[in-house]
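Welcome! Take a look at it first, and then we will walk through some charged pairs and a pocket.

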Amino acid sequence: LTMYYERFSDIERAGEAFNELLTFTGEASVVDVDRSVREYIRPLDYNHGSMFADYCGVESAQKLHEYTKNESKRLGYKFDYDTGRWYL
(Lines give C-alpha, C1' and ligand atoms only; values in the text may rest on other atoms or scores of the structure.)
Protein backbone atom coordinates (compact mmCIF):
# COMPACT_ATOMS: atom_id res chain seq x y z
CA LEU A 1 0.00 0.00 0.00
CA THR A 2 1.47 3.35 -1.02
CA MET A 3 -0.10 6.41 0.56
CA TYR A 4 0.85 9.86 -0.67
CA TYR A 5 1.20 12.83 1.65
CA GLU A 6 -0.70 14.93 -0.87
CA ARG A 7 -3.85 12.90 -0.25
CA PHE A 8 -3.65 13.28 3.53
CA SER A 9 -2.99 17.01 3.48
CA ASP A 10 -5.72 17.88 0.96
CA ILE A 11 -8.91 18.49 2.93
CA GLU A 12 -11.01 17.36 -0.05
CA ARG A 13 -9.26 13.96 -0.28
CA ALA A 14 -8.03 13.38 3.28
CA GLY A 15 -11.15 11.59 4.52
CA GLU A 16 -10.98 9.06 1.71
CA ALA A 17 -7.24 8.55 2.27
CA PHE A 18 -7.65 8.01 6.02
CA ASN A 19 -10.56 5.62 5.49
CA GLU A 20 -8.47 3.61 3.03
CA LEU A 21 -5.53 3.45 5.45
CA LEU A 22 -7.71 2.58 8.45
CA THR A 23 -9.50 -0.15 6.48
CA PHE A 24 -6.11 -1.56 5.44
CA THR A 25 -4.98 -1.67 9.10
CA GLY A 26 -8.31 -3.01 10.39
CA GLU A 27 -9.01 0.11 12.45
CA ALA A 28 -11.77 1.64 10.32
CA SER A 29 -14.45 1.42 13.00
CA VAL A 30 -12.32 3.11 15.69
CA VAL A 31 -12.01 6.64 14.30
CA ASP A 32 -14.58 9.25 13.28
CA VAL A 33 -12.66 10.26 10.16
CA ASP A 34 -14.97 13.05 9.04
CA ARG A 35 -14.73 14.79 12.41
CA SER A 36 -10.98 14.28 12.61
CA VAL A 37 -10.41 15.67 9.11
CA ARG A 38 -12.46 18.77 9.85
CA GLU A 39 -10.67 19.23 13.16
CA TYR A 40 -7.05 18.54 12.24
CA ILE A 41 -6.42 19.02 8.52
CA ARG A 42 -5.51 22.61 7.74
CA PRO A 43 -5.05 24.24 4.34
CA LEU A 44 -1.39 24.31 3.35
CA ASP A 45 0.46 27.58 3.08
CA TYR A 46 2.85 26.22 0.44
CA ASN A 47 2.60 24.27 -2.82
CA HIS A 48 2.94 20.49 -2.63
CA GLY A 49 6.42 19.37 -3.54
CA SER A 50 7.98 22.82 -3.20
CA MET A 51 9.02 22.91 0.45
CA PHE A 52 12.60 21.75 -0.12
CA ALA A 53 13.20 24.29 -2.90
CA ASP A 54 11.51 27.02 -0.84
CA TYR A 55 13.86 26.47 2.09
CA CYS A 56 17.05 25.23 0.41
CA GLY A 57 16.86 26.69 -3.08
CA VAL A 58 16.10 25.30 -6.51
CA GLU A 59 19.71 24.21 -7.08
CA SER A 60 19.69 22.10 -3.91
CA ALA A 61 16.35 20.58 -4.94
CA GLN A 62 17.85 19.68 -8.31
CA LYS A 63 20.79 17.97 -6.59
CA LEU A 64 18.47 16.09 -4.23
CA HIS A 65 16.41 14.97 -7.21
CA GLU A 66 19.53 13.51 -8.82
CA TYR A 67 20.02 11.31 -5.74
CA THR A 68 16.36 10.28 -5.44
CA LYS A 69 15.08 10.27 -9.03
CA ASN A 70 14.79 6.49 -9.38
CA GLU A 71 12.72 6.15 -6.21
CA SER A 72 10.67 9.25 -7.04
CA LYS A 73 9.87 7.85 -10.47
CA ARG A 74 8.88 4.50 -8.97
CA LEU A 75 6.44 6.33 -6.67
CA GLY A 76 4.94 8.27 -9.57
CA TYR A 77 6.50 11.66 -8.91
CA LYS A 78 7.80 13.94 -11.63
CA PHE A 79 10.29 16.75 -11.07
CA ASP A 80 10.23 20.24 -12.55
CA TYR A 81 13.86 21.35 -12.94
CA ASP A 82 12.92 25.01 -13.40
CA THR A 83 11.02 25.32 -10.12
CA GLY A 84 12.68 22.52 -8.13
CA ARG A 85 9.24 21.07 -7.37
CA TRP A 86 8.07 17.45 -7.26
CA TYR A 87 4.52 16.64 -8.31
CA LEU A 88 2.35 13.60 -9.01
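Let's begin with Glu59, which forms a salt bridge with Lys63, their closest N and O atoms lying 3.5 Å apart. Please keep in mind that this is a predicted model. A search of the whole structure turns up six salt bridges, and several of them are described below.

- Glu59 is exposed, because its relative accessible area of 54% is over the 50% cut-off.
- Lys63 has a relative accessible area of 48%, so this residue counts as partly exposed.

- Side chains of opposite charge can pair when their charged atoms come close.
- The side chains of Arg7 and Glu20 meet in a salt bridge, with an N to O distance of 3.0 Å.
- Arg7 is in helix 1 while Glu20 is in helix 2 (residues 14-25), so this pair ties together parts that are 13 residues apart in sequence.
- Is Arg7 buried or exposed? With a relative accessible area of 15%, Arg7 is buried.

**Another charged pair**

- Asp10 and Arg13 join their side chains in a salt bridge, at 3.8 Å from N to O.
- Asp10 counts as partly exposed, with 25% relative accessibility.
- Arg13 is partly exposed as well, at 35%.

**The largest pocket**

- Rolling a probe the size of a water molecule over the atoms shows where empty space is left.
- How much space lies in the largest pocket? The answer is about 220 Å³.
- Helix 1 (5-9) and helix 4 (51-56) are the elements that give two or more residues to the lining of this pocket.
- Tyr5, Glu6, Met51 and Phe52 are among the lining residues.
- Other residues in the lining include Tyr46, His48, Gly49 and Ser50, along with Ser72, Tyr77 and Trp86.
- By type, the lining of the largest pocket divides into six nonpolar residues, four polar ones and one charged.
- Glu6 is part of that lining, and Glu counts as charged.

Key
Residues are numbered from 1 along each chain as its sequence is written. This is a predicted model: local features need pLDDT of at least 70, side-chain atom pairs count only at pLDDT 80 or more; totals for chains, interfaces and linings use all residues. Side-chain values use heavy atoms; hydrogens and water are left out. On a 1 Å grid over the protein atoms alone, a cavity is a set of points where a 1.4 Å probe fits but cannot get out, and a pocket is an open set with protein on both sides within 12 Å along at least five of seven lines; lining residues have an atom within 4 Å of a point. Grid points are joined across faces, edges and corners, and a volume is the space filled by probe spheres set on the points. Helices (H or I, at least four residues) and strands (E, at least two) are DSSP runs, numbered from the N terminus. A salt bridge is a side-chain nitrogen of Lys or Arg within 4 Å of a carboxyl oxygen of Asp or Glu. Buried means under 20% relative accessible area, exposed over 50%, partly exposed in between (1.4 Å probe, protein chains only).
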